[in-house]
Amino acid sequence: MLTFENVSKVYKGGTYAVKNLSFAFEKGEFIVFIGPSGCGKTTTMKMINRLIDPTEGVISIDGKDASSQDAVKLRRDIGYVIQQIGLFPHMTIQENVTLVPKLMNWPKEKRRERAKELLELVDMGEEYLARYPNELSGGQQQRIGVLRALAANPPLILMDEPFGALDPITRDTLQDEFKRLQQRLNKTIVFVTHDMDEALKLADRMVILRDGELVQLGTPDEILASPANEFVEEFIGKDRLLQSRATVQTVEQLMIENPITIEEKQTASEAVQIMRDKRVDSLLVTDEKGVLKGYVDIEIIEANRKTSELIADIHLTKLHTVNKDARVRNSVSRILKLGTSYVPVVDDEV
Ligand code: ADP
Ligand code: MG
């Protein structure tokens with residue numbers, strides 16, 4: 001659906017805003033570009049919808065070289081949402097939302113129907129159609145910006161830090177809403193952010209950029225499990241990494257090496273069920289020789305993400321070092337002897 005082959009952009013003055021970028025994305029993917037300010041995210045987006053052209057390399061959309069197509073026509077098949085959504089203040093919400101359909105000469109009645117349908121997608125009733133942008137909250141305006149990009153039903157949507165200016169709660173709501181919407185409409189989304197939480201939450205796959213170069217490309221789980229270098233580690237943050245690392249190790253070993261530690265139950269969800277029943281809320285972690293390394297508190301959550309049953313079911317909250325924490329030594333006496341590497345502990349005091 002979207003490929004870059006060795007794409008570079010050099011602005012006047014000679015600095016590379018984007019350097020030798022290559023990737024290929026499928027239809028329906030939610031792709032997130034993430035990197036610090038100035039790393040080339042906006043430049044990448046603008047090259048996709050041909051607001052600027054690459055200095056080198058080829059960008060293809062749906063298998064066709066973008067540079068060989070008429071830029072204006074191409075842009076009509078691409079929705080574009082930016083932080084400063086720029087709703088026209090003198091136009092009603094209906095007019096704002098159906099700007100592109102109007103350019104494409106859709107008849108009036110069809111445009112009105114489309115506007116209603118779009119507002120319904122975000123649970124806004126038709127009473128909003130006749131309002132003006134200044135009669136909406138910031139979050140509602142941003143929703144309208146997103147809907148405007150969806151209006152002519154383009155297969156590809158670019159979003160450049162679309163929720164960056166919103167308060168955290170509204171932003172969170174819009175992220176959830178939009179992720180659901182994308183899954184339903186099956187659009188290909190290219191989403192730009194500098195916020196790691198936002199990226200991890202939304203992305204099917206993400207691209208980490210630094211100084212115009214691709215540092216790492218992968219699913220959020222892949223990137224959390226093995227960051228390419230220190231830059232990525234730092235960007236993800238120590239806390240998040242410690243959590244996810246320990247989770248991944250614990251989960252993998254529980255499932256692959258030691259599924260029988262929990263009473264011969266093979267699957268992660270059965271293991272979780274056992275732990276629930278026994279009210280287990282910690283795991284002791286030992287190395288291969290059986291030496292105690294520490295323990296993790298676990299909190300069983302209900303979410304059932306597609307990636308791995310156990311990652312979804314066990315949320316690792318803390319990793320303690322054995323020697324520094326007397327509580328671990330105390331709980332050793334109450335080990336439920338269920339296995340060698342990972343020993344679930346029932347501990348009322350922990
Ligand atoms: P991001 O969106 O990741 O913050 P940009 O793509 O906007 O980054 O910018 C990447 C680099 O290109 C930055 O160093 C920026 O200063 C430079 N740049 C962006 N636009 C222009 C321009 N029109 N002319 C010259 N340099 C630019
Ligand atoms: Mg930018």
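Housekeeping next. I am working on a predicted model, where local features need pLDDT of at least 70 and side-chain atom pairs count only at pLDDT 80 or more, while totals for chains, interfaces and linings use all residues. Residues are numbered from 1 along each chain as its sequence is written, chains are lettered from A and ligands numbered from 1 in the order in which they are written, and side-chain values use heavy atoms, with hydrogens and water left out.

**Entry: the whole chain**

I looked up the secondary structure and found 14 helices and 14 strands in the protein chain. These are DSSP runs numbered from the N terminus, with helices being H or I of at least four residues and strands E of at least two. The chain has 350 residues, and 48% of them are buried.

I then checked contacts, meaning heavy atoms within 4.5 Å. Of the contacts with a separation of 6 or more, 62% join residues 24 or more positions apart. For surface I used Shrake-Rupley accessible areas with a 1.4 Å probe, where for residues only the protein chains shown count as cover. The protein chain exposes about 18,000 Å², and carbon and sulfur atoms supply 48% of that.

**Entry: ligand 1**

Which residues are around ligand 1? I took a residue as near if one of its heavy atoms lies within 4 Å. The list reads Tyr-11, Ala-17, Pro-36, Ser-37, Gly-38, Cys-39, Gly-40, Lys-41, Thr-42 and Thr-43. I sorted this shell into four nonpolar, five polar and one charged. My classes were: Ala, Val, Leu, Ile, Met, Phe, Trp, Tyr, Cys and Pro nonpolar; Asp, Glu, Lys and Arg charged; the others, Gly among them, polar. Helix 1 (residues 41-48) gives the largest share of the shell, three residues.

For polar contacts I looked for pairs of N or O atoms within 3.5 Å; within protein, one must be able to donate a hydrogen and the other to accept it, and residues adjacent in sequence count only if both atoms are side-chain atoms. A backbone N or O atom of Gly-38 sits 2.7 Å from a ligand 1 oxygen. For Cys-39, a polar backbone atom is 3.2 Å from an oxygen of ligand 1, and for Gly-40 a backbone N or O atom is 3.1 Å from one. Ligand 1 taken alone exposes 560 Å², of which the protein buries 56%.

Why is helix 1 largely enclosed by the rest of the structure? I found six of its eight residues buried, so that settles it. They are Lys-41, Thr-43, Thr-44, Met-45, Met-47 and Ile-48. Just after helix 1, Arg-50 takes a positive phi of about 60°.

Salt bridges came next: a side-chain nitrogen of Lys or Arg within 4 Å of a carboxyl oxygen of Asp or Glu. The structure holds 11 of them. In one, the side chains of Glu-161 and Lys-41 meet at 4.0 Å, N to O. This pair links distant parts of the chain, 120 residues apart: Lys-41 in helix 1, and Glu-161 in the loop between strand 7 (156-160) and helix 7 (168-185). Both partners are buried. Phi of Glu-161 is near 45°, a positive value in a residue other than glycine.

**Entry: two further salt bridges**

Glu-113 and Lys-116 meet at 3.8 Å, N to O. They are three residues apart in helix 5 (residues 108-121), so about one helical turn separates them. Glu-113 is partly exposed at 40% relative accessibility, and Lys-116 is partly exposed at 22%.

Asp-204 bridges to Lys-179, with the closest N and O atoms 3.6 Å apart. Asp-204 lies in the loop between helix 8 (196-202) and strand 9 (205-210) and Lys-179 in helix 7, so the pair ties together parts 25 residues apart in sequence. Asp-204 is partly exposed at 22% relative accessibility, whereas Lys-179 is buried at 15%.

Terms used
Buried < 20%, exposed > 50% of the residue type's maximum accessible area, 1.4 Å probe, protein only.
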